[in-house]
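Hi there,

Here is the structure I promised to pass on. Have a look at it first, and then read my notes below.

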Amino acid sequence: MLNDTIHKYKTLKEEVEDFYEIILKVNSGSWLQCNNGSKTRFKVRHITMLKSSLMVMLYNVIEFSINSTLDIIHQIITDSKLGYRDVTPHIRSVWFKYHAKAGSEKAFIKTLNEISQHIEGEKHINLEYREYIKKVNIFSGNLDARKIKEVFNQYGIYINFDDEEKSMLKVKNNRNSLSHGDKSFTNCSRDITVEEAGKIKDCVFDYLDNVYAQVEKYLNEEEYKACQSNIS
């Protein structure tokens with residue numbers, strides 16, 4: 001399941017790398033073939049538009065990666081048919097939020113007597129991701145390094161890769177400025193050089209590579225399960 005997602009991620013990475021090669025070629029002074037057969041050089045605004053498009057592509061890969069890995073985590077926990085006592089406090093908390101309809105966990109605990117059969121009995125935890133996000137807003141167009149760390153911490157997955165924080169924030173802010181119409185493609189990335197755009201790209205992929213590695217370890221070692229000595 002995760003292997004399929006990693007394969008898709010690598011395909012998306014290749015597309016971004018190919019697009020960046022186009023940016024490099026345009027920036028080197030390549031000619032643009034016009035409809036009338038004449039040639040003209042690319043203008044600065046063309047390069048800026050391409051850099052802005054790169055920011056959008058990078059954010060799309062980020063969002064795909066986080067959504068997909070969370071979906072897999074939820075599906076594997078659901079398919080494992082685990083009871084409340086079989087999972088870690090982190091997963092119990094995630095489950096609480098779903099059944100509380102994103103209300104406060106403290107308020108939900110007061111109603112636990114109504115679902116005690118679920119907790120104490122043999123019913124399995126169901127955490128279907130698509131149903132979960134209908135009730136719980138995990139993120140909404142705001143994925144940067146800090147938000148990703150916060151999201152995965154809820155599951156007991158710790159992403160400690162802070163060197164890429166500035167690059168991830170830049171991608172999120174530029175993407176949001178474009179999607180909200182605050183900036184146009186011709187001015188959104190004017191403050192980023194082509195070389196800096198390449199470094200941002202590399203930082204994003206380094207960060208996501210680490211996310212996939214941590215999620216793979218989490219699933220392989222079944223870190224979502226409660227230790228037998230801690231089951232209570």
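A nonpolar core, as I use the term, is a set of buried Ala, Val, Leu, Ile, Met, Phe, Trp, Tyr and Cys residues joined through side-chain atoms within 4.5 Å. Buried here means under 20% relative accessible area, with exposed over 50% and partly exposed in between (1.4 Å probe, protein chains only). Please keep in mind that this is a predicted model: local features need pLDDT of at least 70, side-chain atom pairs count only at pLDDT 80 or more, and totals for chains, interfaces and linings use all residues. Residues are numbered from 1 along each chain as its sequence is written, and side-chain values use heavy atoms, leaving out hydrogens and water.

Now to the core. The largest one has 62 residues, and within it Phe-152 and Tyr-155 touch the most other members. Two or more residues come from each of helices H1 (2-27), H2, H3 (89-99), H6 (129-135), H7 (145-153), H8 (165-179) and H9 (194-220); helices are DSSP runs of H or I, at least four residues, numbered from the N terminus. H2 gives the most, with 14 residues. Beyond the residues up to four places away in sequence, Tyr-155 touches Leu-70, Ile-73, His-74, His-90, Ile-91, Val-94, Tyr-132, Ile-138 and Tyr-218, where contact means heavy atoms within 4.5 Å.

Leaving aside neighbours within four places in sequence, Ser-65 is in contact with Tyr-9, Leu-208 and Tyr-212.

On to the rings. There are 7 aromatic pairs, counted for Phe, Tyr and Trp (its six-membered ring) when the centres lie within 6.5 Å; planes under 30 degrees apart are stacked, over 60 edge-to-face and the rest tilted. Tyr-84 and Phe-96 make a tilted pair, 5.9 Å centre to centre with 50° between the planes. Tyr-84 is in the loop between H2 and H3, and Phe-96 is in H3, 12 residues apart. Both are buried. Arg-92 lies over the face of Tyr-84, 4.8 Å from the ring centre; this requires NZ of Lys or CZ of Arg within 6 Å of the ring centre and within 35 degrees of the ring normal. Elsewhere, Tyr-9, Phe-205 and Tyr-212 form one aromatic cluster, and Lys-13 lies over the face of Phe-205 at 5.3 Å from the ring centre.

Finally, just after H9, Glu-222 takes a positive phi of about 50°.

Best wishes
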